[in-house]
Amino acid sequence: MDYREMYSAKLTSAEKLAERLESGWSLGMDSSTSQTPAIMSAFAQRVKDKGLRDIKVQTLLDAYPFEFYADSSLAGMMTGYSWFSSGSARKAINAGRADFIPAYYRDIPGHIRREYEYDAFCVAVSPMDKHGYFSLGNNASYAQAMIDKAKRIFIEVNDRQPRAVCGAQIHISQVDAIVENSFQLPVLPAASLDEISITIGNLIAEQIPDGACIQLGIGAIPDATGMALKSKHDLGIHTEMFTDSMVELIECGAVNNSKKQIHRGKSITTFAYGSQRIYDYIDDNPAIELLPVDYVNDPNVICKNDNVVSINAALEVDFWGQVCAESVGTKHMSGSGGQIDFVRGACQSRGGKSFIAFSSTAKGGAISKIKSELTPGAVCTTSKNDVDYIVTEYGIAHLRGKSLAERTKQLIAIAHPNFRDELLFEAKKRGILI
Ligand code: COA
């Protein structure tokens, strides 16, 4: 059959599509720039107009201020469930209007396949190619699992969506309805690289040899580390999130992927999110492969490359080296993402290292992020048994294989000087140090 004819037959408006929505539906949606703002907005309006109830939307890393998070009048009618909260999801979860599903990022496709069915999967795609395929643009992480478990597939075609050569694809024959929506993709505001981030980035960069294979997490410090690597040679990329600083490293020649043991010559990621520069880089570029997260983030895959170095951020760490990257006490901030996947993968890699880095204090110096114990209610993201290096602007603590007393001493040495006496007092009170 002619693919253009199939396309025309399935083309509709978001409002018309919303007429198909029924109470009790479970919707799966892709992540960040592969989300479907026009479809979700029309669905929210339909829910309100018709008084539909009990509609669930499962998603991850939201790029838009969706009504099902922001609009409290939708309570009980349309509810968001996030695998990794940020932005509007974070606010809604803390207000009790939305819910959070904890998981290691690498496990999400498996959880989807084992635990869920969807009445529809909603995803934004690039225009159809001559073979009838749509590229899922900047995301390949869990879409295939949702496709496998969805009764219907609704796509939002955006001609500004990049076409990833090796990323996830959907064929027109699989699609139930098409909505066209041409607009500039959302970008992540560039992290401001302050003096502390730059100091930490430089400290970590000193530990990274030429030829290393890097993963950079989300936030200012991983970004600053990326920028500090511009004088390195023969770096490789195997990461979960492809970032602006990685494009910079590729374009300045520091990354050429020539020393990798797997996927030599190519950058590997499961999603990309950042500036338009990233989306332009991905478009039609065989030098970068976007692959499913259960492959990319599998520690047994990550460690196949030598000298893997992972750099991620955190909110606090205790004397054991338990790392919290997801909450401030009971206040929900984020998800585990792939932090542990890459901590483990890096530590299993020959010559690998994993860095968790953060400024020594929060709230203008009022709070130490190194603590005798995690704040009550804090979520432990990376456990004491997995942690490797902790970095602040005062130096690097190497905790892996070290005793509690050795860890405590090293952590106090990289805490902000204003808090060292207090931390020492706490360590003595607990009988950790004499
Ligand atoms: N106590 C109180 N407040 C704290 C705090 C602490 N210990 N640590 C940070 N904060 C506050 C900051 O002041 C800031 O507040 P503001 O928004 O009012 O300015 C806010 O919490 C965010 O902190 P910041 O250090 O700016 O966060 P970030 O943007 O660098 O992101 C994480 C840090 C941990 C949230 C982020 O890396 C993340 O989501 N990690 C998830 C797990 C992961 O690493 N996944 C793999 C990579 S995708």
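A nonpolar core is a set of buried Ala, Val, Leu, Ile, Met, Phe, Trp, Tyr and Cys residues joined through side-chain atoms within 4.5 Å, where buried means under 20% relative accessible area, exposed over 50% and partly exposed in between, with a 1.4 Å probe and protein chains only. The structure discussed here is a predicted model, in which local features need pLDDT of at least 70 and side-chain atom pairs count only at pLDDT 80 or more, while totals for chains, interfaces and linings use all residues. Residues are numbered from 1 along each chain as its sequence is written, and side-chain values use heavy atoms, with hydrogens and water left out.

**Cores and domains**

- The largest nonpolar core has 106 residues, and those with the most contacts inside it are F43, M78, F134, I155 and F242.
- Helix 3 (residues 37-50) gives the most to this core, namely six residues; helices (H or I, at least four residues) and strands (E, at least two) are DSSP runs numbered from the N terminus.
- This core draws at least three residues from each of domain 1 (3-180) and domain 2 (195-429), whose bounds come from an automatic or database domain assignment.
- A second, separate core of 22 residues includes F319, A397, L411 and I432.
- The centres of domain 1 and domain 2, taken over C-alpha atoms, are separated by 30 Å.
- Across the two domains, 29 residues of domain 1 are in contact with 34 residues of domain 2, contact meaning heavy atoms within 4.5 Å.

- After helix 10 comes G253, whose phi is positive, near 95°.
- In helix 6 (residues 108-115), the residues I108, P109, G110 and I112 are buried, and what covers them includes strand 3 (55-59), helix 7 (143-149) and helix 12 (293-296).

**A buried glutamate**

- E326 lies in the loop between strand 19 (323-324) and strand 20 (327-328).
- Leaving aside neighbours within four places in sequence, the residues in contact with E326 include F100, K331, H332 and V379.
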